Amino acid sequence: MSRVFIRGTSIRPSYPPSATRSHKGHFNAQLTLGVRVDSKYLGAEAVARLPGRPTARGARTHHLSDSSPVGREHMTQTLGLIGSGMIGGTLARFAVGAGWNVVVSNSRGPETLGELVAELGERAKAATPAEAAASGDLVVVSIPLFAYTQLPQAELAGKVVIDTLNYYPDRDGRLPELDSDELTSSELLQRHLTGARVVKAFNNITAPHLSSLARPSGAPDRSALPIAGDDAAAKKEAAALLDALGYDAVDIGDLTESWRSSPNTALYCLPYGGEAPSGLSPQELLRWFLETPGAPLPAHRVRQLADEAVRAPAGGALVD
Ligand SMILES: NC(=O)c1ccc[n+]([C@@H]2O[C@H](COP(=O)([O-])OP(=O)(O)OC[C@H]3O[C@@H](n4cnc5c(N)ncnc54)[C@H](OP(=O)(O)O)[C@@H]3O)[C@@H](O)[C@H]2O)c1
């Protein structure tokens with residue numbers, strides 16, 4: 001199985017003067033990454049950050065409030081978000097559109113989230129991660145995996161925690177339990193969050209495709225996303241959240257099975273690009289994936305890809 005590394009080195013961010021050393025490293029890892037391509041998969045959440053991609057904010061989205069079973073039929077719920085970047089910010093936008101209140105948070109403090117809150121409107125407020133955790137009926141954790149030990153354990157105890165995290169050793173450092181396949185990244189998170197009920201979701205689609213493929217419940221071109229978790233009731237709540245935010249859910253098993261949607265599997269990111277034209281070189285395939293708005297991936301196809309998944313070495317590649 002040949003592997004081709006395509007370097008996405010043409011963008012070098014300038015850092016805000018206030019950026020800390022680790023923060024700089026964090027951005028550097030994300031913005032200089034390239035994309036690994038081979039005949040089986042494109043390890044590609046990274047693609048979302050390369051030149052030519054629409055930003056999640058700019059991508060076309062569908063107003064989902066009319067289709068939201070949660071927002072429509074029940075008391076207004078609150079989604080807490082720890083991490084409000086590409087994935088967290090996109091989910092916050094969808095949640096507000098579906099009639100939820102949101103509490104967004106990040107590592108730098110609520111005062112740095114004014115622009116996002118202003119964009120989201122009166123249903124949104126910014127807080128600390130602990131406050132976002134405490135406020136949320138459900139809580140999305142969407143941070144780099146390296147920061148998982150900083151999550152507020154006490155405030156997350158008893159909560160359904162939606163885990164979007166992926167393992168990228170170049171960004172996250174090497175985690176022996178993951179490298180040895182002793183644990184999946186979601187089991188590692190669950191082990192840390194004692195008392196929380198972790199459900200893996202939203203980890204296998206790039207932020208722009210997450211944004212462009214959301215559809216109201218029942219739409220013929222609706223896509224599905226895999227979910228994995230150990231607690232059946234938590235998975236039901238997660239599936240209701242996905243439904244409210246524009247996606248069907250396919251249960252792929254417990255957290256030990258969550259590798260089936262992780263980097264280096266066929267279900268990871270690439271299928272949401274649609275069917276690639278045949279005969280493309282890896283470089284051309286990458287360019288096509290960068291430009292495609294994505295295509296619906298129905299539940300039966302997600303099920304098939306999960307069932308047929310072959311476990312590859314843990315960890316996606318960020319290439320400098
Ligand atoms: N981007 C994608 O297309 C994609 C797709 C699927 C899954 N994922 C996975 O989802 C996770 C988030 O990815 P992303 O692309 O959304 O990242 P991102 O745009 O870099 O956003 C990360 C967010 O996490 C926050 N954060 C970092 N450390 C934190 C901490 N200790 N406590 C609270 N918040 C913290 C950051 O806040 P500051 O800015 O203040 O540091 C930022 O708001 C990652 O694990 C990634 O692998 C990404």
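On one side of helix 12, Gln 283 and Glu 291 are exposed. Keep that pair in mind, and remember we're working with a predicted model.

**Exercise 1.** Work out which residues of helix 12 are buried, and where they sit around the axis.

*Solution.* Start with the range: helix 12 spans residues 282-291. Next, pick out residues with 20 or more other C-beta atoms within 10 Å of their own. That leaves Leu 285, Leu 286, Phe 289 and Leu 290. Now check their directions: they cover an arc of only 140° around the axis, so they're on the same side of helix 12. Finally, bring back Gln 283 and Glu 291, which are exposed on the other side.

**Exercise 2.** Describe the shell around the ligand, from its closest residues to the domains it draws on.

*Solution.* First, the head count: 27 residues surround the ligand, and the closest are Gly 83, Gly 85, Asn 106, Ser 107 and Ala 147. Then go by element: helix 1 (21-31) and helix 3 (86-97) are the ones giving two or more residues. Helix 3 has the largest share, with three residues. Last, the domains: domain 1 (3-53 + 261-307) and domain 2 (65-256) each supply at least three residues.

**Exercise 3.** Sum up the whole protein chain: its helices and strands, its burial and the reach of its contacts.

*Solution.* Count the elements to get 13 helices and 11 strands. For burial, 51% of the 320 residues count as buried. For reach, take contacts between residues at least 6 apart in sequence: 72% of these join residues at least 24 apart.

Terms used
Residues are numbered from 1 along each chain as its sequence is written. This is a predicted model: local features need pLDDT of at least 70, side-chain atom pairs count only at pLDDT 80 or more; totals for chains, interfaces and linings use all residues. Helices (H or I, at least four residues) and strands (E, at least two) are DSSP runs, numbered from the N terminus. A residue is buried if 20 or more other C-beta atoms lie within 10 Å of its own, exposed if 12 or fewer, and partly exposed in between; C-beta atoms are placed from the backbone. Two residues are in contact if their C-beta atoms, placed from the backbone, lie within 7 Å. A residue is near a molecule or strand if its C-beta atom, placed from the backbone, lies within 6 Å of it. Domain bounds come from an automatic or database domain assignment. The arc is that of the directions from the helix axis to the C-beta atoms.
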